[in-house]
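Please read the report below alongside the sequence and the 3D view.

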Amino acid sequence: MASKSNVDFKKNLISTDGKNENSQRMHGSKKSNVAANKSNDIPKALQEVKNHLGDGAAENIMEKIKMAQKKKKKQSGHVDTLNRKRKAENNVKLAVKEEETTLETGNQFIPTPLSHIPLKILMDIEMELVYTDEEDISFEFAEPVVSTSTQSACQDSEKADAPSAPDGSTLPQIDKQLQMTLWAASACYRQKNYTAAAEQFSAALELCSKGAAIDHPFESSPEDISSIASFIETKLVTCYLKLRRPDDALNHSHRSVILNPAYFRNHLRQAAVFRCLERYSEAARSAMIADYMYWLTGGTEQRISKLIKLYWQAMIEEAITTEEAFSVMYTPFATEVKAGKRNKIKDVFAKKHPDYKEHIYTDPHGVHILPQMAGWPSLPPQQYLLTLGFRNKHVGKVLERWSSGKLPIFSDRKAPFCPLTSEETKRYWDNTGKNVVPVIDFIRSTKLIDNRCACSPGIEKLHYASLLGRLGRAEEQSQVINQAMAELATIPYLQDITQQDAELLQSLMADAMDTLEGRRSDKGRVWNKIQQIGLIEDYLYQVEDNYLKNKRLRMARTQRMRMKRIQGTQQ
């Protein structure tokens with residue numbers, strides 16, 4: 001499918017200022033395609049998650065998060081998965097034991113152009129991995145058998161109707177009406193009648209919200225109901241993508257991840273939706289997580305992993321080449337990079353990207369992994385520092401200031417206890433907020449985990465959602481909250497979390513659900529308390545910095561006056 005040069009990735013430093021000619025040509029063709037695919041109408045906001053999944057949805061999701069680690073240990077197949085994850089996390093620690101950094105090598109700073117990945121290859125990857133009709137999936141049912149008058153025939157019919165897992169075990173009996181609706185939807189899908197299929201799958205989702213998922217719900221685990229709902233959500237994603245309605249597919253892709261975060265195709269479908277919306281940085285992150293999940297859950301086909309990495313690489317390429325406000329440079333390293341090395345990196349960046357040196361910033365939190373070097377089982381993985389340069393000095397300084405705390409903040413406030421008016425918030429968004437969001441998304445596109453706090457990606461999105469709420473953009477706020485919940489649901493699979501992280505994760509998920517359902521005001525949310533504390537810390541740091549700066553100025557002034565008096569006395 002892909003040429004050898006595309007599949008066998010290069011292993012050098014990537015450094016680009018967003019002017020790759022081949023990528024621009026590719027973007028031109030993609031832009032016209034995607035623009036034609038977009039719907040003119042803004043999609044309806046997702047109302048309550050409970051409306052789609054039933055009254056127990058919040059409890060199901062919370063229970064799923066609580067038992068993510070426990071479930072892996074109980075199942076023999078998942079014990080190996082847990083070992084894989086710990087091995088991957090230990091790779092970072094082992095890499096730090098090396099004595100010399102690769103920054104000493106002069107040729108590490110030579111930029112390597114991003115390889116051109118044609119649109120056709122991306123479409124082929126999506127056709128194989130995103131739009132595939134998964135006939136072996138647990139809830140892709142066989143056609144129900146018509147009952148006869150004999151008891152044995154009835155028993156045979158019930159046996160045929162019962163879905164079975166890929167390992168041959170019998171799953172909980174699906175509600176008959178739901179099963180018939182799903183069969184009708186699948187039949188329409190295979191006939192390429194995607195509008196009718198979407199209607200049938202939406203009807204199936206409505207049945208789930210009314211509790212018609214399993215014949216004996218009290219005897220089933222929350223995971224069983226979540227699996228059924230996740231399957232329906234993924235089918236709705238593919239239907240809307242086929243209908244060229246990515247806006248309508250977006251929230252369904254988020255919910256499929258929330259309900260089943262361990263399934264790599266859910267993340268890859270989310271990436272495909274982001275690509276159609278031209279949100280390439282977010283597509284890159286989803287593809288990165290898909291590749292990691294494929295390996296984590298026991299995927300062994302190198303070809304599939306290479307295709308996912310190729311998709312991830314293409315999304316990074318598109319994100320870089322379409323961005324005009326900032327440029328990036330990845331620098332390989334092996335040990336902790338001290339201040340002197342960081343300054344050297346900045347000097348190299350300034351020489352290679354003279355148009356983006358108003359403010360140069362190196363991400364201090366976590367390591368970055370590129371698709372060319374992301375062989376998850378390898379020991380150790382190549383780590384990179386990400387350096388960004390900005391045309392707008394203000395945007396760069398705001399981003400650096402926000403990332404200096406222990407927990408991420410994203411706020412329009414200048415001081416902890418000084419909320420802005422609606423007009424000030426709008427002005428802040430136009431001048432700062434909308435320029436910072438793409439940078440945060442790009443940083444996440446190659447950073448699997450954050451060493452500040454496991455929940456950092458979700459917290460950033462929830463802060464962003466609160467800002468959208470203050471701007472009166474309820475539909476976008478709802479979508480971002482769903483995206484944040486998908487991030488939070490995935491976290492236990494990306495890294496081992498502490499008890500404190502687990503409690504914070506549960507609180508964030510519960511408050512996010514309450515916000516979607518319109519319970520309580522937004523002021524008492526966990527992420528807003530985190531933001532308030534972060535703003536107080538930031539304010540105290542600024543006061544301290546100003547005090548020390550003024551103290552140095554006073555000392556310098558006093559020293560100059562003393563020198564003048566000494567010189568006057570000598571004369």
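## A positive patch

K551, R554, R557, R560 and K564 form a positive surface patch. Patches are made of residues with over 30% relative accessible area and no salt bridge, with like charges joined within 9 Å. Areas come from the Shrake-Rupley method with a 1.4 Å probe, and a salt bridge is a side-chain nitrogen of Lys or Arg within 4 Å of a carboxyl oxygen of Asp or Glu. Lys and Arg count as positive, and the place of a charge is taken as NZ of Lys or CZ of Arg.

R554 lies in helix α22, residues 526–570; a helix is a DSSP run of H or I with at least four residues. R554 has a relative accessible area of 41%, so R554 is partly exposed (buried is under 20%, exposed over 50%, partly exposed in between).

## How the model was treated

This is a predicted model, in which local features need pLDDT of at least 70, side-chain atom pairs count only at pLDDT 80 or more, and totals for chains, interfaces and linings use all residues. Residues are numbered from 1 along each chain, and side-chain values use heavy atoms, without hydrogens and water.

## Cysteines

How many disulfides are there? The count is zero, where a disulfide is a pair of cysteine sulfur atoms within 2.5 Å. For C455, the nearest cysteine sulfur is that of C453, 4.6 Å away. C455 is buried, because its relative accessible area is 1%. C276 is buried too, at 8%.

## M509

M509 sits in helix α21, residues 499–516. Its relative accessibility is 0%, so M509 counts as buried.

Methods
Patches are made of residues with over 30% relative accessible area and no salt bridge: like charges are joined within 9 Å, nonpolar side chains (Val, Leu, Ile, Met, Phe, Trp, Tyr) within 5 Å. Helices (H or I, at least four residues) and strands (E, at least two) are DSSP runs, numbered from the N terminus. Buried means under 20% relative accessible area, exposed over 50%, partly exposed in between (1.4 Å probe, protein chains only).
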